Amino acid sequence: MIQSVRRTWVGAFLSAVIIVWPAAVIAEDSLSSARDLYAAAAYEDALAALDRLRAGGVRVDENRAVDQYRAFCLLALGKSTEAAQAIEAVVSADPSYHPSDSDVSPRVRAAFSDVRRRLLPDLAQQKYVQAKAAFDRKDYRTASENFSQLLDLFADPDLAAAAGRPPLTDLRVLTVGFRELSVQAVQALTPPPPLPAVAPQAAPLPAAPPPPEPLRIYAASDTNVVPPATVRQDVPPFAGSIFKPILGVIEVVIDERGNVITATIRGPMNLVYDRQVLQAASQWRYRPATLNGMPVRYRKFIQIALTPK
């Protein structure tokens, strides 16, 4: 009887160990422990821990870090094809991400740059489609944020070569214009601050006449407007020296007579040259934009490309 009870107790103990042990292993698999294994050059163990984390499910904010460290481990193990797939997942989730110089070796940074140069042109176009969709549904705040992120992406060195060629050159000009329109729309929708309380008066003062409404300025998003035609748009020669292509953007507002009434640099190129371009823009002339045959004011964005000699 005693032996039977002892065997039953031992069997129950072993069953409990078998059930509890995998949970203990899973508990040890955390992003922090995987990082420690990677730092200790235990790449196989770190990769196994990361794969178990992915299989078990991780928080959204940790998922990107898991993919990053999987890529680091795969590169360290010489598994280039799998590493490239892991890097693609990281870049697709966050096109702006690239590992810092202090965290990884030049070889890892080069691998990320190779993948980013391949993916960023398509990701930039996808980002533009998302931003334009937000603009079309009048979600101007989201559109402004997305267009701003896209402009930051255009400034990324890994996108510089593709950004200097169509279709991204045209896309950048459109992005600058739609971002400006989105910001203006957000400002127009922001309610004014409440007026201070006014003490009651013995007799009401006559109401002041309302201020005249500012003339509307049309843009490329107004498809019913015929854009202005260029009569004179001379860009001054660039006398400086540069080592890589630079794309600049100038915004001009053209009045009903075809004259430029305001000019603003939206994509800086060179401090001295920017002033020369603004001075030249004041002399540009156009046949004015028209709405139903009547001249109207129009906002136009012009791209200026500087290339090394």
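**Exercise 1. Is Asp 156 buried or exposed? Work that out, then describe its salt bridge to Arg 116.**

Keep in mind as you go that this is a predicted model.

Step 1. Asp 156 has a relative accessible area of 10%. The cut-off for buried is under 20%, so Asp 156 is buried.

Step 2. Check the distance. The two side chains meet at 2.8 Å, N to O, and the limit for a salt bridge is 4 Å.

Step 3. Arg 116 sits in helix H6 (residues 106–136), while Asp 156 is in the loop between helix H7 (140–154) and helix H8 (160–163). They are 40 residues apart, and the pair links distant parts of the chain.

Step 4. Look around the pair. Arg 116 and Asp 156 belong to a network of salt bridges that also takes in Asp 114, Arg 117 and Asp 158. For the whole structure, the salt bridge count is 15.

**Exercise 2. Which parts of the chain does the salt bridge between Arg 266 and Glu 180 tie together?**

Step 1. Confirm the bridge: the closest N and O atoms of Arg 266 and Glu 180 are 3.2 Å apart.

Step 2. Find the elements. Arg 266 is in strand S4 (residues 260–267) and Glu 180 is in helix H9 (residues 168–189), so this bridge ties parts together that are 86 residues apart in sequence.

Step 3. Compare the surroundings of the two ends. Arg 266 is partly exposed at 33%, whereas Glu 180 is buried at 13%.

Step 4. Arg 297 and Glu 256 meet at 3.3 Å, N to O. Arg 297 lies in strand S7 (residues 294–306) and Glu 256 in the loop between strand S3 (246–254) and S4, 41 residues apart. Here Arg 297 is partly exposed at 24%, and Glu 256 is partly exposed at 26%.

**Exercise 3. What does Phe 112 touch away from its sequence neighbours, and which groups does it belong to?**

Step 1. List the contacts, skipping neighbours within four places in sequence. Phe 112 is in contact with Ala 71, Phe 72, Ile 87, Val 90, Tyr 97 and Pro 99.

Step 2. Look at the rings. Phe 112 is part of an aromatic cluster with Tyr 38, Tyr 43, Tyr 69, Phe 72 and Tyr 97.

Step 3. Look at the core. The largest nonpolar core has 51 residues, and Phe 112 is among those touching the most other members, along with Leu 50, Phe 72, Ile 87 and Leu 159. H6 supplies the largest share of this core, twelve residues. A separate core of 17 residues includes Val 260, Ile 265, Met 269 and Ala 281.

**Exercise 4. How is the aromatic pair of Tyr 38 and Tyr 43 arranged?**

Step 1. The ring centres are 5.5 Å apart, with 55° between the planes. Stacked needs under 30 degrees and edge-to-face needs over 60, so this pair is tilted.

Step 2. Check accessibility. Tyr 38 is buried at 17%, but Tyr 43 counts as partly exposed at 25%.

**Exercise 5. Where is Arg 299, and what does its side chain make a polar contact with?**

Step 1. Arg 299 is in strand S7 and counts as buried, at 9% relative accessibility.

Step 2. Its side chain makes a polar contact of 2.9 Å with the side chain of Glu 251.

Step 3. Widen the view to contacts beyond four places in sequence: Arg 299 touches several residues, including Leu 181, Gln 184, Tyr 218 and Val 252.

Conventions. Residues numbered from 1 in each chain as written. Predicted model: local features only at pLDDT ≥ 70, side-chain atom pairs only at ≥ 80, totals over all residues. Heavy atoms only, no water. Helix = DSSP H or I, 4+ residues; strand = E, 2+ residues; numbered from the N terminus. Buried < 20%, exposed > 50% of the residue type's maximum accessible area, 1.4 Å probe, protein only. Phe/Tyr/Trp six-rings, centres within 6.5 Å; stacked < 30°, edge-to-face > 60°. Core = buried A, V, L, I, M, F, W, Y, C linked by side-chain atoms within 4.5 Å. Contact = heavy atoms within 4.5 Å. Polar contact = N/O pair within 3.5 Å; in protein donor to acceptor, adjacent residues only side chain to side chain.
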